[in-house]
Amino acid sequence: MSLDYLTAAPGPAPVVHPGNAPWWQALAAGELRLPRCTGCGTVRFPPAEACWRCLSFGYELAEVTTTGTVETSVVVKRVTGRSRWQADVPYRTGLIALGGFRLPGRIVCSCGAAGTPGTPVTAGLLATVDGPPVLGFAHACPG
Amino acid sequence: MCARCRRAWPRPAAEVTPDAVIAGIGTSRAFGLRLELSPLRLQLEALASALADSGLDKDEIDGVGTSHGSPGGVDYDEFVLAAGLDVRWASQKWTHGRWAATTVTEAALAVQAGLASCIAVIDTTTSGRGYGRHLTGLGGRPTREGLRELGGSHGEWDVHGVDTPGVATALVARHYMDRYGATEDDLARVAMAFRAHAELNPMAIMAAKPMTAESYFAEPVIVRPFRRADFCLDSEGATCLLVCDRRRAAQLRQPAVAIAAAAGIHASRDDHILFARPGLGVGLQAAGPWRQPELDVFGRAGIGPGDVDGLYVYDSFGSNLWMVLERFGFCAEGEAPGYVRDTGIGLDSVRPVNTNGGLMSEAHQSGYGHLVEMVRQLRGQAGPRQIPGAAVLQWATPRGDSLILTKGG
C-alpha cells in the first residue's frame, strides 16, 4: 500500500548514505519496508545493515503494515534542542505499535485523540526541509 | 640472584592489595550558568579545593580520571599540563554525565591494582548557553547521540522531533504515567523535595528559589508531562574526588569514605534508554513486567536496600527517581510514585534522596555533585541538611549503575 504525504511543517532530513539509502529510497517511493535478514529472518528495527541477532549482512526489504495504534505520545510545546524545530512547535510525536514493532514518528492529529494510547493511526510521509521524507502517522480526526 | 644469568635484578617489595577510599572532595567555587569561567579554570578550582580539603600535596597525585573532555570539558592531558601533574595512569570517557560512577569505580580498581596510588577523578560540565558560547563549535550544537540512526542514548529520534533527552524522557514519563496511573502531582512531589534540599545548600543554584505546589504548576509546560521544573538545570562547574590508597588516606586530614560496592552501566536492547528501566516498553524495550530488582550491588556491599540511609539519583528528569526506586528494589513495579508520596524522600524521611538538590536544583554536575555530597554526608559535614547517622549511602541511576559509599571502614 502506497503511503500518502501528510500535511505538517517539514522537519530536518535524515542523513542518507550508501549503507542506509535502500530503506530511505523505499520510503520516498511510498513504501513502508524494513530489512528482513536473509540469514535468520529477523526483521530489523531500527533498519540496519547487519542483523542484531545473527550478525548476517544480507537482507531483503519486507513490506510492513501501514496501520497501527498509538502507544505513547507527547506534544512538544517549546523546543529544547536545535532551533530548526522552532517553526514546528507545537507538534505531536510518539511511538506507534505497528506490525509487531514500535515505530517512532510525528503524529498529525487535530482533535487530540492521538494523546490516548490505543488510538488507531495510519502511516504516511512527512516532508523534510532538505532531503527525502520521513515516516509519520495520521489520526483520522472526525469532521 | 637470577639462576639463568647470575645477575641481581632489582625486585620490588611485595605489595598487599591496596584498598581504595575517597580521601578528598572539591568543587569549583560556584556552580552556575553565567560564571564566565573557562572549563580549565573551573577544573583547576576544583582541584585546588580537593587538595585543600584533604591536605594532599599536588605532587602526590599520580592518576587522573575524567568523564568528558573537550569540547565542554577538559581533556585529561590538557588538564595534566595545566595543573603541572605527573601521572602514571589516566582515563577519559566521552561526552555527558552517565560515567560518574564508572569513572570512580575504574579509579578504585586502578588503585587496587597498584596502577596509581592517588587519582584525581575530576570533571567539568560546560553549557553551550554558558561559556560554550566562547568556544568554537560548542554553542547550541545538538549532541551526536541524538542523530544516531539506531536511536539516541535517551531514546532520541531526531528526524521525528524527539531531538533531545527532554522530549525522549517525556515519552518515558508519559508512558509510565499511562501504564501505572501516576499523575502530575507525583512529578511535583519529586521536584519540590529536591528544591527543599537545595534551599539548605549554599552551592545550589536554586538555593534562594523555594518551590511550592502553586509555583510548580505555574512553571511553563515544555513537553507534557514535563514542566521546566522537571528538567535538570543547564549549568557549569567542576568537581574533584581524590580516590586514594587507604594507607595514605589514613594520614590525611579528612576521615576516609569507603567505596563499598559498585555496579556498572547496563546496556542491551531492553536497556538502551538511559532514563527508562527495562520492561517499561519504550524505544526497543520489550514491554513486560519488571523482572527482578537488581540487588547484586547490595550483595557485594553485604547489605540490603533497607540499610541505605540516603539515596542519590541521577535526576536529569523527575521521573528518573521512579525508575531507580523500582530498579533497585526500594518498591515494587509501578509503586514508586506511592513510595515518594507515603515513605517520602525529604530530610525527615527514612531515606532522604538527593540532599544536595540534585541535577534539578543544585547544578548539573553530571552526577559528581551527588558523589561529593555523599562524601560530605558520610563525614558528617553536611550542615543543616545532614542525614543523622548517615553510614551507608547509595548512588543509583535508571541505567543500572550504582555506587555504595560507607562511612570510614
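Ala123 of chain A has Phe137(A) as its bridge partner in strand β7(A). This is a predicted model. Ile107(A) also has Phe137(A) as its bridge partner in β7(A).

**Strand β7 of chain A**

Two strands of chain A pair with β7(A). Strand β5 (residues 101-108) of chain A runs parallel to β7(A) and is joined to it by three bridges. Strand β6 (residues 120-126) of chain A pairs with β7(A) in the antiparallel sense, over five bridges. How many of the five residues of β7 (residues 134-138) of chain A are buried? Five of the five are, so the strand is largely enclosed by the rest of the structure.

**The sheet of chain B**

Chain B holds an open sheet of nine strands with mixed pairing. The strand order is β3-β2-β4-β7-β1-β8-β11-β10-β9. Strands β3 (89-92) and β9 (310-313) of chain B are the edges, and each pairs on one side only. From one strand to the next, the twist averages 25 degrees.

Within this sheet, β8 (residues 257-263) and β11 (residues 402-407) of chain B run antiparallel, joined by six bridges. Ala262(B) has Leu403(B) as its bridge partner in β11(B).

Helix α3 (residues 100-112) of chain B packs on the sheet. Its contacts include β1 (20-27), β2 (63-66), β4 (118-125) and β10 (392-396) of chain B. The direction of α3 makes about 25 degrees with that of β7(B).

**Strand pairs compared**

| Strand pair | Sense | Bridges |
|---|---|---|
| β5(A) and β7(A) | parallel | three bridges |
| β6(A) and β7(A) | antiparallel | five bridges |
| β8(B) and β11(B) | antiparallel | six bridges |

Conventions: Residues numbered from 1 in each chain as written. Chains lettered and ligands numbered in written order. Predicted model: local features only at pLDDT ≥ 70, side-chain atom pairs only at ≥ 80, totals over all residues. Pairing = 2+ DSSP bridges. Helix = DSSP H or I, 4+ residues; strand = E, 2+ residues; numbered from the N terminus. Axes fitted to C-alpha atoms, helices over the stretch in contact; angles between N-to-C directions. Contact = placed C-beta atoms within 7 Å. Buried ≥ 20, exposed ≤ 12 C-beta atoms within 10 Å, placed from the backbone.
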